[in-house]
Amino acid sequence: MSKRDYYEVLGLSKGASASEIKKAYRKLALKHHPDKNPDDDTAEDKFKEAAEAYEVLSDDNKRERFDRYGHAGMQGAAGGGGGGHHMNMDDIFSQFGDIFGGAFGGGGGGGGRGGGRRRMKGSDLRTKAKLTLEEIATGVKKKIRVSKQVLADGVDHSDCSRCGGSGQIRKIQQTILGQMQTSATCDVCHGTGFSITNRPSGTDAYGMKREDEVVTIEIPAGVEDGVQLIMRGQGNGAPINGVAGDLLIVVEEVPHEQFQRNGKNIHHDLFVKFTDAALGASVEVPLLDGKAKIKIAAGTHSGKLVRLRGKGLPSMDSYGNGDLLVNITVWTPQTLSKEERTALEALKDSSNFKPDPNHDERGFFDKVRDLYS
């Protein structure tokens, strides 16, 4: 199951202040503390989920990374992006115990959600970003055109005449116990607290219209196919006083003609001449950012692996680059001239041209494992 958005976990908008984040976390921690919920098997998971969200959002650096890249940006961040779920209870109290102030057992975080205006939120948008391995190796900025809902210029509004701008209708009822006050969402403004008094033609009831916008996406080096990045507030806009949705960018890796990717390592199949394999040679191999020369030892067999350290891809969650693994394949001629055939006929019975059944012909992955052992 995919992780929930940390702001959603704490019930906050992405513009929440540090004090709001702290207050929301304390309230959830008090609510879901396992000691207060002995019969609820899910309480500890919720408690840890809230701790994880607070750990990230209370740290300016982690929060900025999460706001830019979502959960993908948290991989490998010290303690972040999964920290809370892997902590034990002692870890959480040792890091965040000052927040609780010894309040467990008294319901100190109590109180229901107060009434008030409902801030409408624009829906999220989703798009794809196609990247080559060369772009993934360095990171890249891409401009894409998205069609989104925006609040039109010239929209004007006033407080709702029904609720006076509060978004709530309050009623006082007489009961046998005395007067009781209740509140409900305003049935005219639907909780927004306002009504539109002027809107341009071509807009909806809230003064929203659709238009194209060019957005610059900053994609970090080392992203993998299928990773989802988040640009906060770049989705569909919202009506007056609302919050824009997010733009979700799914990375799509374009297949490469010369390389295959395996994590942060890349593989390349290098075909060499039969004579170079037999006599030895210096040959050129492609890199993501140029070319390099490697030595082919005399007597090289097909399937030999050559490792070029650091010539692979970076990783979003660790330091350093992966490697380029060159898989050597000896090319056998498909057609022969009369002279070539005569030369090979003269050599075919030589003992050096007979296969050696004792030589090591392990599989590809065994050889990879040997390189990293």
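Modeller: Two rings of Phe, Tyr or Trp (for Trp, the six-membered ring) form an aromatic pair if their centres lie within 6.5 Å; planes under 30 degrees apart count as stacked, over 60 as edge-to-face and the rest as tilted. The model is predicted: local features need pLDDT of at least 70, side-chain atom pairs count only at pLDDT 80 or more, and totals for chains, interfaces and linings use all residues. Residues are numbered from 1 along each chain as its sequence is written, and side-chain values use heavy atoms, with hydrogens and water left out.

Biologist: How many aromatic pairs does the structure hold, and what is the angle between the planes of Tyr-7 and Phe-66?

Modeller: The number of aromatic pairs in the structure is 4. Tyr-7 and Phe-66 form a tilted pair, 6.2 Å from centre to centre, with an angle between the planes of 40°.

Biologist: How many residues apart are Tyr-7 and Phe-66?

Modeller: Helices (H or I, at least four residues) and strands (E, at least two) are DSSP runs, numbered from the N terminus. Tyr-7 is in helix H1 (residues 6-10) and Phe-66 in helix H4 (residues 60-69). The pair thus links distant parts of the chain, and the separation in residues is 59.

Biologist: Is Phe-66 buried or exposed?

Modeller: Buried means under 20% relative accessible area, exposed over 50%, and partly exposed in between (1.4 Å probe, protein chains only). Tyr-7 has 3% relative accessibility, so Tyr-7 counts as buried. Phe-66 has a relative accessible area of 0%, and therefore Phe-66 is buried.

Biologist: Which helices hold Tyr-25 and Tyr-54?

Modeller: Tyr-25 and Tyr-54 form a stacked pair, 4.6 Å centre to centre with 10° between the planes. This pair also links distant parts of the chain, 29 residues apart: Tyr-25 lies in helix H2 and Tyr-54 in helix H3 (residues 43-57). Tyr-25 and Tyr-54 are both buried. The helices asked for are H2 and H3.

Biologist: What is the distance between N and O in the salt bridge of Arg-68 and Glu-64?

Modeller: A salt bridge is a side-chain nitrogen of Lys or Arg within 4 Å of a carboxyl oxygen of Asp or Glu, and the count by this rule is 20. Arg-68 and Glu-64 both lie in helix H4, 4 residues apart, about one turn of the helix. Their side chains meet in a salt bridge with an N to O distance of 3.3 Å.

Biologist: How many residues apart are Asp-187 and Arg-162?

Modeller: Asp-187 forms a salt bridge with Arg-162, the closest N and O atoms being 3.2 Å apart. Asp-187 sits in the loop between strand E5 (178-185) and strand E6 (194-198), and Arg-162 in the loop between strand E3 (156-159) and strand E4 (168-175), so the pair links distant parts of the chain; the separation in residues is 25.

Biologist: Which residues do salt bridges that share partners join into one network?

Modeller: Asp-187 counts as exposed because its relative accessibility is 52%, whereas Arg-162, at 46%, counts as partly exposed. Elsewhere, salt bridges with shared partners join one network of Asp-5, Asp-67, Arg-232 and Asp-246.

Biologist: Which helix gives the largest share of the positive patch?

Modeller: Lys-23, Lys-27, Lys-31 and Lys-46 gather in a patch of positive charge on the surface. Among them, Lys-23 is exposed, with a relative accessible area of 66%. The largest share, 3 residues, comes from helix H2.

Note on methods: Patches are made of residues with over 30% relative accessible area and no salt bridge: like charges are joined within 9 Å, nonpolar side chains (Val, Leu, Ile, Met, Phe, Trp, Tyr) within 5 Å. Accessible areas come from the Shrake-Rupley method with a 1.4 Å probe; for residues, only the protein chains shown count as cover. Lys and Arg count as positive and Asp and Glu as negative; His and the chain ends are not counted. The place of a charge is taken as NZ of Lys, CZ of Arg, CG of Asp or CD of Glu.
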